[in-house]
Amino acid sequence: MTNTIKEVAGANFIFAIGTNTTEAHPIIGLQVKKAIRNGATLVVVDPRKTEMAEMAHYHLRIKSGSDIALLNGLAHVIIAEEIWNKEFVEKRTEEFEALKAMVIKYTPEYVESITGIPPETLKAVARGYALAPNATILYTMGITQHICGTHNVMAIANLAMLCGQIGKEFSGVNPLRGQNNVQGACDMGALPNVFTGYQPVNVEGNRTKFATAWGVQELPANPGLTLGELFDAASEDRLKCMYIMGENPVLSDPDALHVIHALEIIDFLVVQDIFLTETAEIADVVLPAVSFAEKDGTFSNTERRVQRVRKAVEPEGDAKDDWEIISMVATAMGYPMQYKSAEEVFEEIAQVTPSYAGISYARLDQGSLQWPCPTPEHLGTKFLHVGKFSRGLGMFHPVEHIPPDELPDAEYPLVLSTGRRLYHYHTGSMTQRTEALEVAYSEEYLELNCLDAELIGISDGDKVEVTSRRGSVEVTARVSDKVTQGLVFTSFHYPEVAINQLTNPARDPISKIPEFKVCAVKVAKSERTIKTQKVS
């Protein structure tokens, strides 16, 4: 996030796109509710009628995969009505004319033909965002999990710069991270193209710095493979071993049958986790890690806030901290890692990572800090891009709408989108071992529009078969107007509804993120339902 969580409550205008905030990020959802009570306008862009959407002043039920057309349409209106922030654009950006030339064709009428949003609604939202004293944009994987996910983010950045709604309090471009330390994992270089603090591996100076710190001669200059590329390489026998930590790709990755095949044929699979997940069950070796409550360390949350985590209970059995297991494995492989504690690891992080350079356990014991925090005297950074962007001037990137990789057709007439439920988390490896949550939400459902259900002949509560070009799963139908006609929705939390066996592995060519949010499917009564109805 460019800004902080609490700043959301101070915004005059909230533009939430591709995010089911109150269910997937309930703490931030509380800040949205507080902002509404303070008089803020809320716009929600989502094909589903979520709790957030029901609170919204404007609910834009766009067609799945049409975000860029909508965002370009907003920019078109703002430029056509000359209500963009001219001072900000002139002093702090470049390539405005290129953006202006590109969005000229995205008239409200043209945008309606792609998104389904009425022109007057588009105009009202554009004026509200542009003229608000402080406006914030919230987004999550409903924006990024498309074949044009990177361009979706660029279109959001274009809108924020166009209106000067960045680099100041109560505004910004704010991606909401989906897990408690996923920001921290990325900060620590758990990406194939960067070291810690997003220092590119293809920069010689960075490689030299880290090689010196780690006591090795040289480090690879080329980025590694992304997650999806790893499974492709494994299935093609180009990758012989895989070490998976705290991840359950058998349920969480698209085209999951392909993932299972890749993991079953790989020569050696190691899984490090706190439970015997579906992925761990097919591993050659399982290394027992500890949960958050059993270890010391730090988490970096969605607002870049680094926080201390302190051990509350002692681990059971042979379970150990992740850093300790990694150190033992590395040492056994011939590279001695002699760290004595998580704090010692963090001290090295601060030495080689400019954005963390001023952070230490001693300071974190006094309270959390937001990076960038470059010196021990620095107080941390509440919001980013004050005065200038990291590259100097912010560059507008004109991006065109492109349709999803897989569109409905006669054989697969519906669009499947996936997401999260309030009561469960990710692949359920933790939350489905908690009895109270199981009572609150004990079974997964497929949300199906009333008109589609009538057309197919499905009633609420029927068991249905959902089929894509990659597989089929059985699930209970929940018939309502929560989803638009032509759209079905479910989560990926439940092993018994392994929905990612259906999803499309087509990837954004830049970020390599798969298109989870749009997948062509067909829905029919399951054989079990048909037999039951015949008997009755």
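## Where two helices meet

Let's start with a meeting point between two helices. On the H13 side, the residues in contact are Phe-231, Asp-232, Ala-234 and Ser-235. Their partners in H15 are His-258, Val-259, His-261, Ala-262, Leu-263 and Ile-265. Sorted by class, this contact is made up of six nonpolar residues, three polar residues and one charged residue. Keep in mind as you explore that this is a predicted model.

## How the helices cross

Now look at the two helices as whole elements. H13 covers residues 227-235, and H15 covers residues 256-265. Their axes are 8 Å apart and the helices pack at an angle of about 55°. Which hand does the crossing of H13 and H15 have? H13 passes H15 in a left-handed crossing.

## Aromatic pairs

Next, turn to the aromatic rings. The count of aromatic pairs comes to 12. One of them joins Phe-13 and Tyr-129. Their ring centres are 6.1 Å apart, with 75° between the planes. Planes over 60 degrees apart count as edge-to-face, so the pair of Phe-13 and Tyr-129 is edge-to-face.

Where do these two residues sit? Phe-13 belongs to strand S1 (residues 13-17), while Tyr-129 belongs to helix H8 (residues 119-131), so their pair ties together parts that are 116 residues apart in sequence. Both Phe-13 and Tyr-129 are buried.

Terms used: Residues numbered from 1 in each chain as written. Predicted model: local features only at pLDDT ≥ 70, side-chain atom pairs only at ≥ 80, totals over all residues. Heavy atoms only, no water. Axes fitted to C-alpha atoms, helices over the stretch in contact; angles between N-to-C directions. Helix = DSSP H or I, 4+ residues; strand = E, 2+ residues; numbered from the N terminus. Left-handed = near helix turned anticlockwise from the far one by under 90°. Contact = heavy atoms within 4.5 Å. Nonpolar A, V, L, I, M, F, W, Y, C, P; charged D, E, K, R; others polar. Phe/Tyr/Trp six-rings, centres within 6.5 Å; stacked < 30°, edge-to-face > 60°. Buried < 20%, exposed > 50% of the residue type's maximum accessible area, 1.4 Å probe, protein only.
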